[in-house]
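Subject: A structure for you to look at

Hello,

Here is the structure I promised to pass on to you. Please open it next to this email and follow along as you read.

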Amino acid sequence: MMKTTDKIPTIALDDGAALEIISEKFRKISSIKNAKARKCYWKNGQYHSHILEQAD
């Protein structure tokens, strides 16, 4: 599905991770150490995944 909607990025969350969004800012909350949030998308036929930091 992500390949056909490549203009829409996706947020993937590890088990134990949550994302709180307020206005245009966010923070990652986790109940498990090292649980991560990632921005995932397809561009030019290639899959990309970047770990989101608090300031992204």
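In which loop is the place of asparagine 34? Asparagine 34 sits in the loop between β3 (25-30) and β4. I will come back to that residue below, after a tour of the whole chain.

First, how to read the numbers. The model is predicted, so to speak of local features we need a pLDDT of at least 70, side-chain atom pairs count only at pLDDT 80 or more, and totals for chains, interfaces and linings use all residues. Residues are numbered from 1 along each chain as its sequence is written, and side-chain values use heavy atoms, with hydrogens and water left out.

**The whole protein**

The protein has five strands and zero helices, and its elements follow the order β-β-β-β-β from the N terminus on. Both kinds of element are DSSP runs numbered from the N terminus: helices are H or I with at least four residues, strands are E with at least two. Of the 56 residues in the protein, 11% are buried. Here buried means under 20% relative accessible area, exposed means over 50%, and partly exposed lies in between (1.4 Å probe, protein chains only). The protein exposes about 4,700 Å², with 53% of it supplied by carbon and sulfur atoms. Accessible areas come from the Shrake-Rupley method with a 1.4 Å probe, and for residues only the protein chains shown count as cover.

**The sheet**

Strands of a sheet pair through backbone hydrogen bonds, either parallel or antiparallel. In this model, three strands make an open sheet in the order β1-β4-β5, with antiparallel pairing. Its edge strands, β1 and β5, each pair on one side only. From one strand to the next, the twist averages 30°. Two strands count as paired if DSSP finds at least two bridges between them.

Strand β1 (residues 10-13) and strand β4 (residues 37-43) are joined by four bridges. Look for isoleucine 11 opposite lysine 39 in β4, and for leucine 13 opposite alanine 37 in β4. On to strand β5 (residues 46-51), which is joined to β4 by six bridges. There, histidine 48 is the bridge partner of tyrosine 41, and tyrosine 47 is the bridge partner of tryptophan 42. β4 and β5 form a hairpin with two residues between them.

Most residues other than glycine have a negative phi. Asparagine 34 has a positive phi of about 70° although it is not a glycine. With 56% relative accessibility, asparagine 34 counts as exposed.

Asparagine 44 is in the loop between β4 and β5, and its phi is also positive, near 50°. Is asparagine 44 buried or exposed? Asparagine 44 is exposed, with a relative accessible area of 74%.

Happy exploring, and write back with any questions!

Best wishes

Terms used
Axes fitted to C-alpha atoms, helices over the stretch in contact; angles between N-to-C directions.
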